[in-house]
Amino acid sequence: MDRDSTAQADREGAGPLVQPGDVPGILFQTGYDRLYAADAAGAARAFRLACAADPGSGEAWGALADSTRDAGEAAGALAACGRAVALDPGVWPWRIALAEALRTAGRFEEAVTTGQVLTTERPDSATARLGLARALAAAGRRDAALEEYREAVALRPGDREAALELAALLVEAGDALGAVELLQPLSRRDPEDADLHAAIGRAWIALQEPVKALTALRRAEGLDSDGRLGCAALIAALEGGAGEDLSAAYVRALFDRYADRFDQDLVGKLGYSAPALLREAVERLGPVSERGAPGLRVLDLGCGTGLAGVAFRPLARHLAGVDLAPRMVEKARARALYDELSVGDVVAAVEAVPGAWDLLVAADVLVYLGDLTALFAGAAKALRPAGRFAATVERLDGEAATSGYTLGPSRRYAHSEAYLREMAAAAGLTVLLMEPSSPRREKGVGVPGLLFIVEKPAA
């Protein structure tokens, strides 16, 4: 049985052509029957027997790769793809499947290398471009992934799956408007597609357009009968006024997607130094409190993956952390530094236990909050007498500083020194330190910032 006749029969829905006494053919037929019956595991069992009966058949290994992939067996799919390609490297779909199997198995750089070979051979293949884009994204190479996604979408404009993936990456990269512009034509073409409307709604949230976000999300919710897209919670948050600030839902989603490469990008690419700067400033001012017991009760606000925990663990007898993003908290827990970790909002965290903390730390966190009134008031309640609140912000200068704070093009807030002093005074906190700092880089240039430490009056 040659590959062409098998493929032709498969296209016609009849499965492979079987001759009496043809054991591999009978096994093939059984495998395809199971596939058509949506029994991927049963199909995989039949195709394994076909491979054993004829181990030199690339077609058998290719079919096994498809069935094991559908059955969720990443390792089996990778092994079968590798055998199929080794037996007949000229079959393009098997090579595409091998690149995908490498990515699914977590071998991202090998998937990237394989995908680059495929796109070099066929630069006009949308399938190859999309596979490479996914591999690059999985490997944390966002800029290169964006380029490949754009090529894939340009080659196949009607591919909604590729467009949705590109839109999500654009929002993560700070180009939510580009995501809206990409998806809106598709939603007009298919107005009953709930996924498109939900993605547009999330992009409008990122752009702080709550009215437009609500319109899109309500449309998506009406089409999403089983609630799989989670629009109800976003709608409730927006109706409750979350759209007036960077929404908690947006920040949570952003950092959950970013969790796996957060440390590498933030420290390696962006030169993130906020925790070290805060630790040095806290020690420079001397003891936070005189309580007899060694160490401090420290709450790390917006703890992320625990980078500030590394800096402040030596000062703490009890170190707690809170962050909106569950996957970030998982990463922080893996460091085994914190005595207590929780998923939640930083304002709610400081309001939860009055008089509980010697030191509150917010390293590069206030950039996701505009109005700081509630946070400073909560900090004043949360601190023990003579307790301190140490944080970094991005600095707002010039005429814009009269507004107190503003949302920049990077979707991060900047705050003026005058505004921070006003917030401290209103909360009854004393400014001990207010100095210029640069907690991170942006496009190779240090971001202008401020580091402040305020103190609650001693009892």
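Reader: Before we start, which pLDDT do local features need here?

Author: Happy to set that out. Residues are numbered from 1 along each chain as its sequence is written, and side-chain values use heavy atoms, with hydrogens and water left out. As this is a predicted model, side-chain atom pairs count only at pLDDT 80 or more, totals for chains, interfaces and linings use all residues, and local features need pLDDT of at least 70.

Reader: Thanks! How many helices and strands are there in the chain?

Author: Both are DSSP runs numbered from the N terminus, with helices being H or I of at least four residues and strands being E of at least two. On that basis the chain has 22 helices and eleven strands.

Reader: What percentage of the 459 residues is buried?

Author: Buried means under 20% relative accessible area, exposed means over 50%, and partly exposed lies in between (1.4 Å probe, protein chains only). The chain exposes about 20,500 Å², by the Shrake-Rupley method with a 1.4 Å probe, and carbon and sulfur atoms supply 54% of that area. Of the 459 residues, the buried part is 50%.

Reader: Which residues does Leu183 contact, leaving aside neighbours within four places in sequence?

Author: Contact means heavy atoms within 4.5 Å. Across the chain, 58% of the contacts with a separation of 6 or more are between residues 24 or more positions apart. For Leu183, the partners are Ala163, Leu164, Ala167, Leu196, Ala199 and Ile200.

Reader: Now for Leu217: how far is it from Ile235, C-alpha to C-alpha?

Author: Leu217 belongs to helix 13, residues 210-223, and is buried because its relative accessibility is 0%. Beyond four places in sequence, its contacts include Cys231, Leu234, Ile235 and Leu238. Leu217 and Ile235 are 18 residues apart in sequence, and their C-alpha separation is 6.8 Å.

Reader: Is Ala63 buried or exposed?

Author: Ala63 sits in helix 4, residues 58-70, and touches Tyr32 and Phe47, not counting residues up to four places away in sequence. Its relative accessible area is 5%, so Ala63 is buried.

Reader: Which helix gives the largest share of the lining of the largest cavity?

Author: On a 1 Å grid over the protein atoms alone, a cavity is a set of points where a 1.4 Å probe fits but cannot get out, and lining residues have an atom within 4 Å of a point. The largest cavity has a volume of about 30 Å³, and its lining is Ala65, Arg69, Ala77, Cys81, Ala97, Glu100 and Ala101. Helix 4, helix 5 (74-87) and helix 6 (92-104) are the elements that give two or more residues to this lining. The largest share, three residues, comes from helix 6.

Reader: Finally, where is Ser437 placed?

Author: Ser437 counts as buried because its relative accessibility is 14%. Not counting residues up to four places away in sequence, it touches Leu277, Val447, Pro448, Gly449, Leu450 and Leu451. Its place, within residues 430-437, is strand 8.

Methods
1 Å grid on protein atoms, 1.4 Å probe; cavity = no way out; pocket = protein on both sides within 12 Å on 5 of 7 lines; lining within 4 Å. Points joined across faces, edges and corners; volume = space filled by probe spheres on them.
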